[in-house]
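Here is a short briefing on one protein model. Look over the sequence and the fold first, then read the points below.

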Amino acid sequence: MQEAPTTVSAFAAGLKGRCPRCGRGSLFRNGLVLRERCERCGLSYAFADSGDGPAVFAIFILGFLILGGALLLEFKVGPPVWVHVVLWGIATPLLAFFLLRVLKATLIALQYRHKAEEGRFVSD
Ligand SMILES: [Zn+2]
């Protein structure tokens, strides 16, 4: 089946967590769980397999931001340890959730746009 080309930007769809084809239906339910299909255009999300990609990117970005922020705060301000525990203990999971959601939706949108899938041997 030939599908109509999408006009939705992969990054806009990723940032909003929207369907990669119509850009309106929600990609997720309950935060990070992928829906079965788009409630607007009916696109099945069965093709979507972002694997470990979002987690890897999230770990790199989070590590840079949180560790950099903690070191900067420590050397510039030198607050008591409980400030670090409370601040980074709250900031890390919130940022991780936001990053995972955006990265997962972006990678799925890019996968949809470029029709990326597992390699297969062509048999004659
Ligand atoms: Zn849709």
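A polar contact is a pair of N or O atoms within 3.5 Å. By that rule, the side chain of Ser26 has a polar contact with the backbone oxygen of Phe28, at 3.0 Å. The model is predicted. The points below go by topic.

- Ser26 sits in the loop that runs between helix H1 (10-16) and strand E1 (28-29).
- Ser26 counts as buried because its relative accessible area is 13%, and the cut-off for buried is under 20%.
- Beyond its neighbours within four places in sequence, Ser26 touches Gly17, Arg18, Arg35, Glu39 and Tyr45.

**Salt bridge**

- The structure contains 1 salt bridge.
- Arg35 and Glu39 form this bridge, and their closest N and O atoms are 3.5 Å apart.
- Side chains of opposite charge can pair when their charged atoms come close.
- Arg35 is partly exposed at 28% relative accessibility.
- Glu39 is also partly exposed, at 48%.
- Both Arg35 and Glu39 are among the contacts of Ser26.

**Aromatic pair**

- There is 1 aromatic pair in the structure.
- Phe47 and Tyr112 make up the pair, with ring centres 5.5 Å apart and 50° between the planes.
- The pair counts as tilted because the angle is 50°, while stacked needs under 30 degrees and edge-to-face over 60.
- The pair links distant parts of the chain, 65 residues apart.
- Phe47 belongs to the loop between strand E2 (33-34) and H2, and Tyr112 to helix H3 (residues 81-114).
- Phe47 is partly exposed, with 28% relative accessibility.
- Tyr112 is buried, with 10%.

**Nonpolar patch**

- Val56, Phe57, Ile59, Phe60, Ile61, Phe64 and Leu65 make a nonpolar surface patch of about 740 Å².
- One of these residues, Ile61, lies in helix H2 (residues 53-76).
- Ile61 is partly exposed, at 33% relative accessibility.

**His84**

- His84 is part of helix H3.
- The side chain of His84 makes a polar contact of 2.7 Å with the side chain of Glu74.
- His84 is buried because its relative accessibility is 16%, and buried means under 20%.
- Setting aside neighbours within four places in sequence, the contacts of His84 are Ala70, Leu73, Glu74, Pro79 and Gly89.

- Most residues other than glycine have a negative phi.
- Asn30 is not a glycine, yet its phi is positive, at about 55°.
- Asn30 lies in the loop between E1 and E2.
- Asn30 is exposed because its relative accessibility is 70%, and exposed means over 50%.
- Gly42 lies in the loop between E2 and H2.
- Gly42 is partly exposed, with a relative accessible area of 30%.
- Leaving out neighbours within four places in sequence, Gly42 is in contact with Arg21 and Arg37.
- The C-alpha atoms of Gly42 and Ala58 are 29 Å apart, and the two residues are 16 residues apart along the chain.

Methods: Residues numbered from 1 in each chain as written. Predicted model: local features only at pLDDT ≥ 70, side-chain atom pairs only at ≥ 80, totals over all residues. Heavy atoms only, no water. Helix = DSSP H or I, 4+ residues; strand = E, 2+ residues; numbered from the N terminus. Buried < 20%, exposed > 50% of the residue type's maximum accessible area, 1.4 Å probe, protein only. Polar contact = N/O pair within 3.5 Å; in protein donor to acceptor, adjacent residues only side chain to side chain. Contact = heavy atoms within 4.5 Å. Patch = residues over 30% accessible without salt bridge, like charges linked within 9 Å, V, L, I, M, F, W, Y side chains within 5 Å. Areas by Shrake-Rupley, 256 points an atom, 1.4 Å probe, with all protein chains shown as cover. Salt bridge = Lys/Arg side-chain N within 4 Å of Asp/Glu carboxyl O. Phe/Tyr/Trp six-rings, centres within 6.5 Å; stacked < 30°, edge-to-face > 60°.
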